[in-house]
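The following exercises are to be worked with the sequence and the model at hand. Each task is followed by a solution in steps.

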Amino acid sequence: MTLTQEQKQFVEDLLGRMTLEEKIGQMNQESPSIVGGFDVPFSELIEMLTDGRISQEEFGRIMASAKQDLHEDDIRAGRVGSMMVNDPRQNNTLQKIAMEESRLGIPLIIGFDVIHGFRSVFPIAIAEACSFDDDLFESTAHMAAVESRAHGINWNFAPMIDAARDSRWGRVSEGPGEDPLLGSRFARAKIRGLQNDHSSPLNYVAACTKHFVAYGACESGRDYNTTSMSVSQLYNVYLPAFRAAMEEGAATVMAAFNDLNGVPCTVNRHLLRDILKGEFGLEGFVVSDANAIRECVSHGIAEDERDAGVQAALAGMDMDMGTHIYLEHLKAEAEKGTVPMEVIDEAVRRILSVKVWLGLFEDPFVPEELIAAYEKGLPEAHVGLCRRAANESMVLLKNDNHLLPLSRGQKISLVGNLADNPDEVCGAWAMAWKREDCVSVRAGLEAAGAQVSYYPCGGPEGEIDLEEADRACENADVIVAVVGETDAMSGEASSRTDTTLPGRQRELLERLLRSGKPVVAVLMNGRPLALGWEAEHVPAILEAWHLGIRMGDAVAAALLGDVNPSGKLSSSFPYVTGQCPLYYNHPSTGRPGSKSKFTSRYLDAPWDALYPFGHGLSYTSFAYDDMQVHKIGQCLEFTVRIRNTGERAGTEIAQLYMQDVSASLVRPVRELKDYRRVELKPGEEKKITFVLPLDALGFYDNEGKYRLEDGLFRFTIGPSSREGLSKELRLTF
Ligand code: NOJ
């Protein structure tokens, strides 16, 4: 995000004409308040939903009939800088009020949670990351930008780039998984896709990278819980994706809910001022997470709301999401001098700069023709991208005796409530999908011409019908069981202590397997599940996640062999939940896990992953050979030959790992350094090259300093974080 000299001058001139109240107004974000239409207070309604007194559907109905306050008067009075609304006509109305009826005519920045697509819902991020396809990451982000801008949204609360290594945490679904390099490439591509197409102001939005920082490290995987870690871990694991996003010019950042080493991120001056705005050079602004300034009182770091507001402003928190604390307290504090005017001016300068960069002062409106065009339905190109993303995100975990792909001649019994529910395909944080666009697995198989009979038999919630399961087995050549989690079982506030298949789904699988017929499990879920039992008993497992609106098309294409699965896991899968947190790039221990007693292991479960990061099978097979490495100038050049040794065309994702064999700090057993998608026809071979700059081989120490240390390095190129060809090299820098 760069501004011209003229744009910077415009911001300064405007700032010079603003009253203190107007400045504080810019630092305030509102969302529509629910003011009535139901008989109980809104907080009570949420509790009723949470404890099951009302269903999701009833809640939706109540909300649809509720009256909303869109804060028109506050906008008119210059008390609102940002809104959160996804209705294009409402947004036009609010922008008109801001532009024409407020004293200075400052447009609103309109934010919304567009995490994995808008109306075109793509796979959840943990799934999309399995494609290891930077071009896809960028394309889906760009389409999300275009669709949201067509709805008056010019600021996406995305990408979510929290490294996450504990699958008990429900929000693992929203981010690109456990690896800092994959997370950084994902972050860069998302920023490019959201922000870089300025061919029309309707083609880009401001990104909001979140959640800064270490939210994914919440203790015991419980959402909003405390985090603590060493500086080197913060710099090597949790900060890289944010650094990358800032280098790519991300316009804004959302601070995380959690405290880090005792200081909530919301009021953490070191994180916001020294690292984010100083070291990383954020040009735009920082917004709090919802209600987070107020939560500093519950954290016990502020005595009251006023104190929380002062601390947040001083720490560099530019915009308050949803508490009104800035609105209520900053004026008096600025007049007293507790919050210096420079702090307020800096925040407002940053906010106005993003608005200028977005072109909002020229035209913040959505043309009526564009609104009407989207009302007609999704363009085919959008649907096509949803299909491509879904195809590339599936991971074939297991395929004994080539059970998959199935043939169109086979009689398939399709089992599981999830298989026939178009409302479940999008996953957590999908807010703008329409049912008419969503394809369930059942609909996908039927449309693809499979011979399929459907038997619900139950799902993640509620009872299962074992007699129906027996009937499903009677008439089948093969059984496809769609099992997993509902979309509400992952995402925010959806941590689980038991990450096995919820409900009685394992029992259902057991019953199906008892028939002796071949069983394929299609997993539909938002987190790495603990699959020890399934891996032992079910012959074929396809990880399909929540793949977005075209889920059914993609799963059908994979099951029937029209698409050859190519995804590789962006997160490690455990045998049992007790292994969490689990990740491939863990620091070396003095006693690496082995079969012998006094090593880093468990008595009752394996010490390593069931399916490690980078794992994923194909309907064909690939062989790696002839790995070479040469130092050329300030780079290492790696080459390797990959051959398709099977009978189908396929895409292999080749992965380059490094181990710093001995260093001044304990380093990971393996670290991903690069990856490449390689398409190969049957029998075809390709020589691929990775070029790694020498300065990519370092790490951050406990002062946050980057170190390149001479010594021995081990490099591995292969199909996963567990296998491959290796070479060692002694390097001096
Ligand atoms: C809370 C979530 O943590 C954040 O990711 C989201 O963007 C905001 N609420 C706004 O909905």
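**Exercise 1.** How many bridges join strand S26 to S27, and do the two run parallel or antiparallel?

*Solution.* The model is a predicted one.
Step 1. Locate strand S26 at residues 711-718.
Step 2. Count its bridges to S27: there are seven, and the two strands run antiparallel.

**Exercise 2.** Determine the order of the strands in the open sheet, and explain which strands stand at its edges.

*Solution.* 
Step 1. The sheet is made of four strands, arranged S22-S21-S26-S27 with antiparallel pairing.
Step 2. Strand S22 (671-680) and strand S27 (725-731) each have a single partner strand, so one side of each is left without a neighbour in the sheet; these are the edges.
Step 3. On average, neighbouring strands of this sheet are turned by 20° against each other, direction ignored.

**Exercise 3.** Describe the surroundings of the ligand by residue class and by polar contacts, a polar contact being a pair of N or O atoms within 3.5 Å.

*Solution.* 
Step 1. List the residues around the ligand; among them are Asp113, Phe157, Lys210, Met254, Trp429 and Glu492.
Step 2. Sort the shell by class: six residues are nonpolar, one is polar and five are charged.
Step 3. Examine the ligand's oxygen atoms. A polar side-chain atom of Asp289 lies 2.5 Å from one. For His211, the corresponding distance is 2.7 Å. An N or O atom in the side chain of Arg171 is likewise 2.7 Å from a ligand oxygen.
Step 4. Consider the cover: of the 300 Å² of accessible area that the ligand has on its own, the protein covers 93%.

How values were computed:
Residues numbered from 1 in each chain as written. Predicted model: local features only at pLDDT ≥ 70, side-chain atom pairs only at ≥ 80, totals over all residues. Heavy atoms only, no water. Pairing = 2+ DSSP bridges. Axes fitted to C-alpha atoms, helices over the stretch in contact; angles between N-to-C directions. Near = heavy atom within 4 Å. Polar contact = N/O pair within 3.5 Å; in protein donor to acceptor, adjacent residues only side chain to side chain. Areas by Shrake-Rupley, 256 points an atom, 1.4 Å probe, with all protein chains shown as cover. Nonpolar A, V, L, I, M, F, W, Y, C, P; charged D, E, K, R; others polar.
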